[in-house]
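Me: I have a model open and want to learn how to read its inside. Can we go through it feature by feature?

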Amino acid sequence: MTVLAHAAVHPGSVLDLHPLSSALGTEVVGLDLSKPVAEPLIEAVRMALDESGLLLFRGQRLKADAQVAISRRFGRLQEVAQKQYQLKGQPLIYVIGNVEEDGRPIGDPSVGRLWHSDQSFLPHPAIGSLLYGVQCPPEGAATLFANMYAAYEALPPQMRTLVGRLHAVHSFSEYYEELRHRDPTQPALTQERRALYPDVIHPLVRQNPQTGRKALYINPGYAVSIQEMPGTTGARLLRDLCDHATREEFVYAHRWQDGDVLFWDNLAVNHKGTSFDSARYVRRMHRTTVAGSAAIYAASMVG
């Protein structure tokens, strides 16, 4: 399937696109992200991401500067908060995995094992995430993606009306304590860092500013309660919605190959990583994050 973006104005804005699954995702074929990409093609990628929520580029060979350069074409990038996992000399690249250098871990070994949307604990969450598979285990270590547009659209009309009026509390602190429970090697959360990321409140439904398509904006990683429904009733509804959103028909499982790049919209999808045999295999991933803003966040509000 080939898609033209503004072809009458920009003849060079042609992308070769192929669906990844019936649930979500699109593969972009033949685009080398390590080389300068013309603006019409960048605009075509933006449009494809708005439509699909998740893009795959295979066979990439990205040096750190090239990954930062292509990521910056889509917005301001966020510096990695966990300084111990910043790529050496490149504070905008987050190293993920069990990789070591000179006998010292340089990657975050256990992040992302719960369903989540990147940085939903911020007042203006990340727009997009670009994850590059530098070294990928031959088995395990898949990333699952859930289509939050489809999850919202599959709700009964009465439930869509209800959730459209509700807000969830997203908590970095609670997520981090759960992370430490699963991985005791993670350092304790300091009071300074806890104060840096206080709980925030987001609506349960947001919309793509370009297409107007609505998505459930919840996840069991960070969303801990419903503001308007305290107690067990709200907790049960939140749990049921999270279970609904990760039903098999909404989920795509990506089996990584070295050189894969995935670029996703954090409003459109939730994701989580799966385990692998870390005693046998090394996993090294490099992530850049396109930051959110007050204007973009406001544009995603329904109504």
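Me: Which residues line the largest cavity?
Reply: Keep in mind that this is a predicted model. A cavity is a space where a probe fits but cannot get out. Here the lining of the largest cavity is made of Leu 31, Leu 33, Ile 42, Val 45, Phe 57, Ile 70, Phe 74, Leu 130 and Phe 263. By class that gives 9 nonpolar residues, with no polar and no charged ones.

Me: How many cavities of 30 Å³ or more does the search find? And what space lies in the largest?
Reply: The search covers the whole structure and returns 1 cavity of 30 Å³ or more. The largest cavity holds about 40 Å³ of space.

Me: What about the second largest pocket: what is its volume, and which residues lie nearest its centre?
Reply: Its volume is about 590 Å³. The second largest pocket is lined by 32 residues, and Asp 50, Ile 127, Gln 210, Asp 265 and Ile 296 lie nearest the centre. Helix H1 (39-52), strand E17 (261-265) and helix H8 (294-299) each give two or more residues to this lining. H1 has the largest share, 6 residues. The classes are 15 nonpolar, 10 polar and 7 charged.

Me: On to packing. Which residues touch the most other members of the largest nonpolar core?
Reply: A core is a set of buried nonpolar residues joined through their side chains. The largest one has 44 residues, and Phe 145, Val 163, Leu 204, Leu 216 and Ile 218 touch the most other members. Elements that give two or more residues to this core include strand E4 (54-57), strand E10 (143-147), helix H3 (148-153) and helix H7 (232-245). Look at Phe 145. Leaving out residues up to four places away in sequence, Phe 145 touches 
Leu 24, Leu 54, Trp 115, Phe 250, Val 251, Tyr 252, His 254, Leu 262, Trp 264, Val 269, Asn 270 and His 271.

Me: Which residues does the second core include?
Reply: This separate core has 31 residues, among them Val 45, Ala 48, Phe 74 and Phe 263. Val 45, Phe 74 and Phe 263 also line the largest cavity.

Me: How do I read a buried helix face? Which residues of helix H2 are buried?
Reply: An α-helix has 3.6 residues a turn, so residues three or four places apart point the same way. In H2 (residues 64-72), the buried residues are Ala 66, Gln 67, Val 68, Ile 70 and Ser 71. Their cover includes H1, E6, E9 and E19.

Me: How many disulfides does the search find?
Reply: A disulfide is a covalent bond between the sulfur atoms of two cysteines. The search of the whole structure finds 0. Cys 136 is buried at 13% relative accessible area, and Cys 242 is buried at 9%.

Me: Last, backbone angles. What is the phi of Asp 102, and of Gln 119?
Reply: Most residues other than glycine have a negative phi. Asp 102 has a positive phi of about 55°. Gln 119 has a positive phi too, near 60°.

Technical notes. Residues numbered from 1 in each chain as written. Predicted model: local features only at pLDDT ≥ 70, side-chain atom pairs only at ≥ 80, totals over all residues. Heavy atoms only, no water. 1 Å grid on protein atoms, 1.4 Å probe; cavity = no way out; pocket = protein on both sides within 12 Å on 5 of 7 lines; lining within 4 Å. Points joined across faces, edges and corners; volume = space filled by probe spheres on them. Nonpolar A, V, L, I, M, F, W, Y, C, P; charged D, E, K, R; others polar. Helix = DSSP H or I, 4+ residues; strand = E, 2+ residues; numbered from the N terminus. Core = buried A, V, L, I, M, F, W, Y, C linked by side-chain atoms within 4.5 Å. Buried < 20%, exposed > 50% of the residue type's maximum accessible area, 1.4 Å probe, protein only. Contact = heavy atoms within 4.5 Å. Disulfide = S-S within 2.5 Å.
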